[in-house]
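This report describes one protein model, from its overall make-up down to single residues. Please keep the sequence and the structure in view while reading.

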Amino acid sequence: FSYSFSSWWAGFGLNFDSWGGAAPQDVSRYVSLAVSCNGPTTANSTIGVRLVDKNAVNGPFVTIPRSTSYTARQVPLATLKGNTALDLTRITTIDVCIQGVQTATGSFSVDDIYFTAPPPLSPLAAWRQTYFGTTS
């Protein structure tokens with residue numbers, strides 16, 4: 001993503017529902033958002049990511065530190081929801097932006113974006129969940 005701005009913000013959205021033409025995505029069963037980032041090239045800047053739901057409720061921007069090589073990160077969904085009314089069963093967009101500087105020109109790369117599922121239960125934990133409603 002190449003950017004040049006002078007008003008604190010540049011970014012893009014990754015849309016899941018064809019801008020209202022399709023169903024939103026239910027990401028509530030996942031535990032985190034995985035993303036690999038390189039950059040931004042501008043010193044003192046960071047990358048921000050947030051989720052947006054069907055009702056246009058925005059989760060908080062979560063900061064991903066600047067890196068000079070591709071670095072894999074995982075952001076917990078609980079952090080992306082924050083203290084908002086964000087509906088994780090109706091996600092429409094992942095917003096990605098550069099933040100932390102008022103004016104900048106440069107680039108950053110984002111790749112390998114996906115939601116991560118919780119690890120499978122062991123046979124004993126699955127048995128406990130079935131019969132006792134808990135895994136411990």
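## Overall make-up

A residue counts as buried when its relative accessible area is under 20%, as exposed when it is over 50%, and as partly exposed in between. By that rule, 35% of the 136 residues of the protein are buried. The model is a predicted one. Its accessible surface comes to about 7600 Å², and carbon and sulfur atoms supply 53% of that.

The protein has two helices and nine strands. Along the sequence these elements follow the pattern β-β-β-β-β-β-α-β-β-β-α. Along the principal axes, the C-alpha atoms fill a box of roughly 60 × 35 × 25 Å. Among contacts with a separation of 6 or more, 77% are between residues 24 or more positions apart.

Strands of a sheet pair through backbone hydrogen bonds, either parallel or antiparallel. Here four strands make an open sheet with antiparallel pairing, in the order β2-β7-β4-β5. Strands β2 and β5 form the edges, each pairing on one side only. From one strand to the next, the twist averages 25 degrees.

Inside this sheet, β4 (residues 46-53) and β7 (residues 91-99) run antiparallel and are joined by eight bridges.

In soluble globular proteins, nonpolar side chains tend to be buried together. The largest nonpolar core of this model holds 25 residues, and Leu51 and Leu80 touch the most other members. Several elements supply at least two residues each: β1, β3 (32-39), β4, β5, α1 (77-81) and β7. The largest share, four residues, comes from β7.

Which residues is Leu51 in contact with, leaving aside its neighbours within four places in sequence? The list is Val57, Asn58, Gly59, Leu80, Leu86, Leu88, Ile91, Thr93, Ile94 and Phe115. Leu80, a partner in that list, is also the residue named with Leu51 for touching the most other core members.

Strand β1 has a covered face, with Tyr3 and Phe5, and an uncovered face, with Ser2 and Ser4.

Strand β1 runs antiparallel to β8, and four bridges join them. Within this pairing, Ser2 stands opposite Ser107 in β8.

## Aromatic pairs

The structure holds 10 aromatic pairs. One of them joins Phe1 and Phe12, whose rings are tilted, 5.1 Å centre to centre with 50 degrees between the planes. Phe1 lies in the segment before β1 (2-5) and Phe12 in strand β2 (residues 10-15), so this pair ties together parts that are 11 residues apart in sequence. Phe1 is partly exposed at 34% relative accessibility, and Phe12 is partly exposed at 26%.

Phe1 also forms a tilted pair with Phe108, at 5.3 Å centre to centre and 55 degrees between the planes. Phe108 sits in the loop between β8 (104-107) and β9 (109-116), while Phe1 is in the segment before β1, so the pair ties together parts that are 107 residues apart in sequence. Phe108 counts as buried, because its relative accessibility is 1%. Ring pairs link these residues into a cluster made up of Phe1, Tyr3, Phe5, Phe12 and Phe108. Tyr3 and Phe5 in this cluster are the residues of the covered face of β1.

## Backbone exceptions

Most residues other than glycine have a negative phi, and most peptide bonds are trans. A cis peptide bond joins Gly39 and Pro40, with omega at about 0 degrees. Pro40 lies in the loop between β3 and β4.

Asn44 is found in the loop between β3 and β4. Its phi is near 65 degrees, a positive value in a residue other than glycine. Asn44 is exposed, with a relative accessible area of 68%. Asp112, in strand β9, has a positive phi near 55 degrees and is a residue other than glycine. Asp112 counts as partly exposed at 46% relative accessibility.

Notes: Residues numbered from 1 in each chain as written. Predicted model: local features only at pLDDT ≥ 70, side-chain atom pairs only at ≥ 80, totals over all residues. Heavy atoms only, no water. Phe/Tyr/Trp six-rings, centres within 6.5 Å; stacked < 30°, edge-to-face > 60°. Buried < 20%, exposed > 50% of the residue type's maximum accessible area, 1.4 Å probe, protein only. Pairing = 2+ DSSP bridges. Axes fitted to C-alpha atoms, helices over the stretch in contact; angles between N-to-C directions. Contact = heavy atoms within 4.5 Å. Areas by Shrake-Rupley, 256 points an atom, 1.4 Å probe, with all protein chains shown as cover. Core = buried A, V, L, I, M, F, W, Y, C linked by side-chain atoms within 4.5 Å.
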